[in-house]
Amino acid sequence: MGEDRTIEEKRSAASRLVTRMLHGYFAISRGMTLGVRAACYDDAGRIFLVRHSYVPGWHMPGGGVERRETVLQALSKELREEGNLEMTGPAELFHVYFNTRVSRRDHVLFYRVNVLQTAPRRPDLEIVESGFFALHDLPRGVTPATQRRLRELSGEVPPDDLW
């Protein structure tokens with residue numbers, strides 16, 4: 001019995017080592033970037049959008065998932081940083097997209113969330129403008145990808161696999 005436990009412990013240790021080695025190999029050979037973005041709605045059903053200083057147009061908030069960070073931690077961080085937003089319920093994963101405009105290895109997890117803004121978001125070097133907008137009265141310059149995501153969320157068109 002004690003001998004069986006030792007064999008299982010050795011297999012478990014070997015298994016963990018092989019798994020780590022494979023993950024290391026995949027990180028190099030299949031490296032990809034991963035991001036999160038969310039359609040953030042307030043109690044009035046308005047959507048929160050941001051305008052960045054470094055890319056044109058209005059976008060839904062989001063950003064990259066960092067090492068040692070879960071996707072939900074990244075989502076929560078990005079919503080807080082880009083809009084002083086807190087989720088008031090669970091984030092609902094809507095779709096996963098391949099974002100070929102950024103690189104040939106970028107994927108975006110797109111969520112739908114209900115939020116509360118804890119304080120107005122003041123403009124800074126990254127976010128020059130932000131706010132909640134009625135779906136029928138969006139600001140001028142909403143990006144085609146943002147418009148497409150909103151049509152997908154409404155059920156008007158099926159989700160596309162490309163961002």
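A salt bridge here is a side-chain nitrogen of Lys or Arg within 4 Å of a carboxyl oxygen of Asp or Glu. In this predicted model, local features need pLDDT of at least 70 and side-chain atom pairs count only at pLDDT 80 or more, while totals for chains, interfaces and linings use all residues. Residues are numbered from 1 along each chain as its sequence is written, and side-chain values use heavy atoms, with hydrogens and water left out. The protein has 3 helices and 8 strands, where helices (H or I, at least four residues) and strands (E, at least two) are DSSP runs numbered from the N terminus.

**Overall layout**

- Read from the N terminus, the order of elements is α-β-β-β-β-α-β-β-β-β-α.
- Of the 163 residues in the protein, 32% are buried; buried means under 20% relative accessible area, exposed over 50%, and partly exposed in between, with a 1.4 Å probe and protein chains only.
- Among contacts (heavy atoms within 4.5 Å) with a separation of 6 or more, 67% are between residues 24 or more positions apart.
- Pro56 sits in the loop between strand 2 and strand 3 (58–59) and is exposed, at 71% relative accessible area.
- Pro56 and Thr143 are 87 residues apart in sequence, and their C-alpha atoms are 8.1 Å apart in space.

**Salt bridges**

- The whole structure contains 7 salt bridges.
- Arg51 and Glu129 form one of them, with an N to O distance of 2.9 Å.
- This pair links distant parts of the chain, with Arg51 in strand 2 and Glu129 in strand 8 (residues 127–133), 78 residues apart.
- Both ends are partly exposed: Arg51 has a relative accessible area of 29%, and Glu129 has 36%.
- Arg148 and Glu152 meet in a salt bridge at 3.0 Å, N to O.
- Arg148 and Glu152 are 4 residues apart in helix 3 (residues 144–154), so about one helical turn separates them.
- Arg148 is partly exposed at 23% relative accessibility, whereas Glu152 is buried at 2%.
- Lys77 and Glu78 also form a salt bridge, at 3.9 Å from N to O, and both residues are buried.
- A network of salt bridges links Glu69, Lys77 and Glu78.

- Glu82 lies in helix 2 (residues 71–83).
- Glu82 is buried but has no salt bridge; Arg37, the nearest side chain of opposite charge, is 5.8 Å away.
- For charge, Lys and Arg count as positive and Asp and Glu as negative, while His and the chain ends are not counted.
- The Glu82 side chain reaches the backbone nitrogen of Gly62 at 3.3 Å; a polar contact is a pair of N or O atoms within 3.5 Å, where within protein one must be able to donate a hydrogen and the other to accept it, and residues adjacent in sequence count only if both atoms are side-chain atoms.
- Leaving out residues up to four places away in sequence, Glu82 touches Phe48, Val50, His52, Pro61, Gly62, Arg121, Glu126 and Ile127.
- His52 belongs to strand 2 (residues 47–52) and is buried, with a relative accessible area of 6%.
- With residues up to four places away in sequence again left out, the residues that His52 touches include Glu82, Glu126 and Ile127, along with Gly57, His59 and Val128.

**Aromatic rings**

- There are 6 aromatic pairs in the whole structure; rings of Phe, Tyr and Trp (its six-membered ring) pair if their centres lie within 6.5 Å, and planes under 30 degrees apart count as stacked, over 60 as edge-to-face and the rest as tilted.
- The Phe94 and Phe110 ring centres are 6.0 Å apart and the planes are at 85°, so this pair is edge-to-face.
- Phe94 is in strand 6 (residues 92–98) and Phe110 in strand 7 (residues 106–117), so the pair ties together parts 16 residues apart in sequence.
- Phe94 is partly exposed, with a relative accessible area of 28%, whereas Phe110 is buried at 0% relative accessibility.
- Ring pairs join Phe94, Tyr97, Phe110 and Trp163 into a cluster.
- Over the ring of Trp163 sits the charged end of Arg149, 4.7 Å from the ring centre; a charge sits over a ring if NZ of Lys or CZ of Arg is within 6 Å of the ring centre and within 35 degrees of the ring normal.
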